[in-house]
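Subject: Structure handover

Hi,

Here is the structure I promised to pass on to you. Have a look at it first, and then read on for my notes.

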Amino acid sequence: MTADHASLGPIRWTWRPHAHGIPAETEVRRWLAGLLDIAPESLPLHRDLHGRPRLETPDIDLSWSHSGDGLLIALGTGVEVGIDLERLRPRPRALDLAQRYFTAAENVWLATQADAARELAFVRLWCAKESVLKAHGRGIAFGLDKLEFVERDGVLRLRACDPALGTPAQWQLHEFAPQPGYRAALAWRTV
């Protein structure tokens, strides 16, 4: 990782400090402008009908997420990309939310987690689901229950998904901790 960004396959991503109340798009434009050698105000960045940010540049996709005091930005070439960031904090309603929005198998997996590990497992699932749904372009409005993850060898993998998302084999997922006290997931598929 350089001082400015890290790379993972066709994806470049960065962590930025982010203050509450400041639009994330300002920092996103600054970072992208540096990578693409374009003035921030000249970036062809807009939101589509579903509110997803898009660059009017062929073959380049982007996503960002902010939580707590952090902002993650991802830029992909030849892929649809989604990123999600969550600050780790107590989540007393995690199981209630999972019962309402996750699949039955995911709820069973969460229930088998030790109490100390359950909140982190919930956040990992949330980030994985949201990153795929952001890449797809509809976000959580599409339905968190329309994709199912399973943990194998300590890694979440997409096991099943709605046909509108393609097939599980098309998706790549990378889970990580971009800073202490945060969890994130980066998802992409080739277009």
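This is a predicted model: local features need pLDDT of at least 70, side-chain atom pairs count only at pLDDT 80 or more; totals for chains, interfaces and linings use all residues.

Let's begin with the inside. The largest nonpolar core has 26 residues, and the members touching the most others are Phe102, Leu110, Phe122, Leu147 and Phe149. At least two residues of this core come from each of these elements: helices H2 (94-101), H3 (104-112) and H4 (115-136), plus strands S8 (147-152), S9 (155-161) and S11 (182-190). Helix H4 gives the largest share, with 10 residues. As background, nonpolar side chains in soluble globular proteins tend to be buried together.

Leaving out residues up to four places away in sequence, Leu147 is in contact with Thr103, Glu106, Lys129, Val132, Leu133, Leu158, Ala160, Cys161 and Leu165. There is also another core, apart from that one, made of 15 residues and including Ile11, Val81, Ile83 and Phe176.

While you are on H4, look at Arg124, which sits in that helix. Is Arg124 buried or exposed? Its relative accessibility is 11%, so Arg124 counts as buried, the cut-off being under 20%. Again setting aside residues up to four places away in sequence, Arg124 touches Trp109, Glu151, Gly154, Val155, Leu156, Glu175 and Arg183.

Now for the pocket. The largest one holds about 290 Å³ of space. Its lining has 17 residues, and Arg47, Gly51, Arg52, Pro53 and Lys134 are the ones nearest the centre. Sorted by type, the lining has 5 nonpolar, 7 polar and 5 charged residues. Strand S5 (60-67) and helix H4 each bring at least two residues to this lining, and the largest share, 5 residues, is from S5.

Of its 8 residues, 6 are buried, so the strand is mostly covered. S5 pairs with strand S6 (residues 70-77) in the antiparallel sense, over 8 bridges; for example, Ser67 has Gly70 in S6 as its bridge partner. The two strands make a hairpin with 2 residues between them, and Gly68 in the turn has a positive phi of about 60°.

Strand S7 (residues 79-87) is mostly covered too, with 8 of its 9 residues buried. S7 runs antiparallel to S11, and 9 bridges join them. One of the pairs to look for is Leu85 with Ala184 in S11.

Most residues other than glycine have a negative phi. Which way do Asp59 and Asp153 go? Asp59 has a positive phi, near 70°, and Asp153 has a positive phi of about 55°. You'll find Asp59 in the loop between strand S4 (53-55) and S5, while Asp153 lies in the loop between S8 and S9. As for the surface, Asp59 has 49% relative accessibility and so counts as partly exposed. Asp153 has a relative accessible area of 80%, which means that it is exposed.

That's everything I wanted to hand over.

Cheers

Methods. Residues are numbered from 1 along each chain as its sequence is written. Side-chain values use heavy atoms; hydrogens and water are left out. A nonpolar core is a set of buried Ala, Val, Leu, Ile, Met, Phe, Trp, Tyr and Cys residues joined through side-chain atoms within 4.5 Å. Buried means under 20% relative accessible area, exposed over 50%, partly exposed in between (1.4 Å probe, protein chains only). Helices (H or I, at least four residues) and strands (E, at least two) are DSSP runs, numbered from the N terminus. Contact means heavy atoms within 4.5 Å. On a 1 Å grid over the protein atoms alone, a cavity is a set of points where a 1.4 Å probe fits but cannot get out, and a pocket is an open set with protein on both sides within 12 Å along at least five of seven lines; lining residues have an atom within 4 Å of a point. Grid points are joined across faces, edges and corners, and a volume is the space filled by probe spheres set on the points. Ala, Val, Leu, Ile, Met, Phe, Trp, Tyr, Cys and Pro count as nonpolar, Asp, Glu, Lys and Arg as charged, and the others, Gly among them, as polar. Two strands pair if DSSP finds at least two bridges between them.
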